[in-house]
Amino acid sequence: MLAEMATEEERKEARQQVKALIDEFSKEHRGEIESILGNAGLPYRTWRRAGQGLSISDVEFNKIVRFLSKNSLVYSKRETGTYTKKVFDGHYGFYNMYRPNSVDSNRIEIFRAGFEWDDSLKVAKVVMQNYGRNRVQFIVYKPEGKFLFLRGAVDGWSSLYALDELGRCRIRGKETKIMTGVCVAMDYTDSYERSLYPVLFPVVLEKMHDVGFADYKEEVAPSVEYERLRELLEIAVRGNKSAVDVWLRFAMPGNANGGPLNP
């Protein structure tokens, strides 16, 4: 809210953002805007003044911000890329997130995640149910371009995700909606679980029709569903081949520095 902003620069930026959103909402609802505002208890005169960049009280300003938020029009915090709540209207809901098991190639891990808007933080976030029903929050960052970044909302190190925006995909004759990408996370790489290493995973988030969180599980080969999930992960690998191109330039021949074994 405006009164809580520390500097005059932040207050000025907030007024400019609200001015732009008022213009967008007014154009979208041309001819009915006075009726909509009246039903919401907002004076049209105050709305117009804010839309022209003129001074209004902090109380009036905050009422307009709450109204815009309820109508999916509110900006995120500047450090997350400055997007609006409305930008992700098609993304909100629940997903299954798939990634390979880092030790066993015959297993694919399945996590349930919710994509939502946080009104208090003014950001989109992904809440993922982890092992043992623990839930981890990831803040959505959206720089210029088509990628989204998910960063853990915790102090210290956490997993980092880079994802394509949500798109349609046809797999085995059925259409679904997915986000594909890569994730860097700490995990084991052998069955003895001796040490954790940073692992680059291909990941897929598939939009679900059902709602609510679900327990972590694994799909084990051989099964029809395992093969379907493997095909989805292969899409993520093909779409993000460049993620390992630079790395492979430094792989030495033979069995040194991660290089391939010579026959």
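1. A handy rule to start with: the expected span of a helix is 1.5 Å times one less than its number of residues. Helices here (H or I, at least four residues) and strands (E, at least two) are DSSP runs, numbered from the N terminus. Now try the rule on H1: with 21 residues, H1 reaches 30 Å from its first C-alpha to its last, close to the 30 Å expected.

2. Before going on, keep in mind that this is a predicted model, where local features need pLDDT of at least 70 and side-chain atom pairs count only at pLDDT 80 or more, while totals for chains, interfaces and linings use all residues. Residues are numbered from 1 along each chain as its sequence is written, and side-chain values use heavy atoms, with hydrogens and water left out.

3. The overall picture: the protein has six helices and 10 strands. Of its 263 residues, 39% count as buried, meaning under 20% relative accessible area, with exposed being over 50% and partly exposed in between (1.4 Å probe, protein chains only).

4. Back to H1 (residues 8-28). Which residues of H1 are buried? They are Arg-11, Ala-14, Gln-17, Val-18, Leu-21, Ile-22 and Phe-25. Seen down the axis, these fall within an arc of 145°, so they line one face of H1; the arc is that of the directions from the helix axis to the C-beta atoms. Turned away from that buried side are the exposed Glu-9, Lys-12 and Lys-27. The cover over the buried residues of H1 includes helix H2 (33-40), H3 and helix H4 (58-70).

5. Look at how H1 meets H3 (residues 44-51): they pack at an angle of about 120°, with axes 8 Å apart. Axes are lines fitted to C-alpha atoms, for helices over the stretch in contact, and angles run from 0 to 180 degrees between N-to-C directions. H1 and H3 are therefore oblique to each other, since angles under 35 degrees count as roughly parallel, over 145 as roughly antiparallel, 65 to 115 as roughly perpendicular and the rest as oblique. Contact (heavy atoms within 4.5 Å) is made by Lys-19, Ile-22, Phe-25 and Ser-26 of H1 and Trp-47, Ala-50 and Gly-51 of H3.

6. Finally, H5 (residues 224-239): its 16 residues should span 22 Å, and its end C-alpha atoms are 23 Å apart, which agrees. Tyr-226, Arg-228, Leu-229, Leu-232, Leu-233 and Ala-236 are buried in H5. They cover an arc of only 165° around the axis, which puts them on the same side of H5. The face turned away carries the exposed Val-224 and Arg-238.
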